[in-house]
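Subject: Structure for you to look at, with notes

Dear colleague,

Here is the structure I promised to pass on, with the sequence alongside. My notes on what was found in it follow below.

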Amino acid sequence: MRDLRDDELAEQISTLRKDLFGKRFANATGELEDTAGVRRTRRELARALTIARERDGAIKQPQNN
C-alpha cells in the first residue's frame, strides 16, 4: 500500500470503507459466510488510514530539547 500514489490510496480507502459496510450489513442479516473477512477488511482499512495520516504529516515526531 505504501507504493500507491495519494489519489490511489484515497480510492483504496473509499473502496475499503464501502466493502466493510457491505460485509457488516451482510453479517448482521446473517448472509455473510466468511465472518473473518470483516476483521481482515477492518485491518486493511486501518493500515491504509495510517499510511494516509503519515503522508499528511499528522503524526509529528517529538523533538528533544
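Met1 is partly exposed, with a relative accessible area of 34%, where buried means under 20% relative accessible area, exposed means over 50% and partly exposed covers what is in between, computed with a 1.4 Å probe on protein chains only. The residue is found in the segment before helix 1, helices here being DSSP runs of H or I with at least four residues and strands being runs of E with at least two, numbered from the N terminus. Not counting residues up to four places away in sequence, Met1 touches Leu9, Glu44, Arg47, Ala48, Ile51 and Arg55, a contact being heavy atoms within 4.5 Å. With Arg47, which is 46 residues away along the chain, the C-alpha to C-alpha separation is 8.3 Å.

Before going further, please keep in mind that this is a predicted model, in which local features need pLDDT of at least 70 and side-chain atom pairs count only at pLDDT 80 or more, while totals for chains, interfaces and linings use all residues. Residues are numbered from 1 along each chain as its sequence is written, and side-chain values use heavy atoms, with hydrogens and water left out.

As for the protein as a whole, its secondary structure comes to 2 helices and 0 strands. Among the contacts in the protein with a separation of 6 or more, 61% are accounted for by residues 24 or more positions apart.

Helix 1 has 23 residues and reaches 33 Å from its first C-alpha to its last, close to the 33 Å expected at 1.5 Å a residue, the expected span being 1.5 Å times one less than the number of residues. Its buried residues are Leu9, Ile13, Leu16, Leu20 and Ala26, and they pack against helix 2. Just after helix 1, Gly30 takes a positive phi of about 80°.

The structure also holds 1 aromatic pair, where rings of Phe, Tyr and Trp (its six-membered ring) pair if their centres lie within 6.5 Å, and planes under 30 degrees apart count as stacked, over 60 as edge-to-face and the rest as tilted. The rings of Phe21 and Phe25 have their centres 6.3 Å apart and their planes at 25°, so this pair is stacked. Both residues lie in helix 1, 4 residues apart, which is about one turn of the helix, and both Phe21 and Phe25 are exposed.

Helix 2 runs over residues 36-56, and its 21 residues should span 30 Å at 1.5 Å a residue; the C-alpha atoms at its ends are 31 Å apart, which agrees. Gly37, Val38, Thr41, Leu45, Ala48, Leu49, Ile51 and Ala52 are buried in this helix. They cover an arc of only 160° around the axis, and therefore sit on the same side of helix 2, the arc being that of the directions from the helix axis to the C-beta atoms. What covers these buried residues includes helix 1 (6-28). Just after helix 2, Gly57 takes a positive phi of about 80°.

Val38 is buried, with a relative accessible area of 11%, and touches Leu20, Lys23, Arg24 and Leu32 when residues up to four places away in sequence are not counted. Val38 and Leu20 are 18 residues apart in sequence, yet 6.4 Å apart in space, C-alpha to C-alpha.

Thr41 counts as buried at 3% relative accessibility. Leaving aside its neighbours within four places in sequence, Thr41 is in contact with Leu16, Asp19, Leu20 and Lys23. Its side chain makes a polar contact with the side chain of Lys23 at 3.0 Å, a polar contact being a pair of N or O atoms within 3.5 Å; within protein, one must be able to donate a hydrogen and the other to accept it, and residues adjacent in sequence count only if both atoms are side-chain atoms.

Arg39, finally, counts as partly exposed at 47% relative accessibility. Arg39 and Arg24 are 15 residues apart in sequence and 9.9 Å apart in space, C-alpha to C-alpha.
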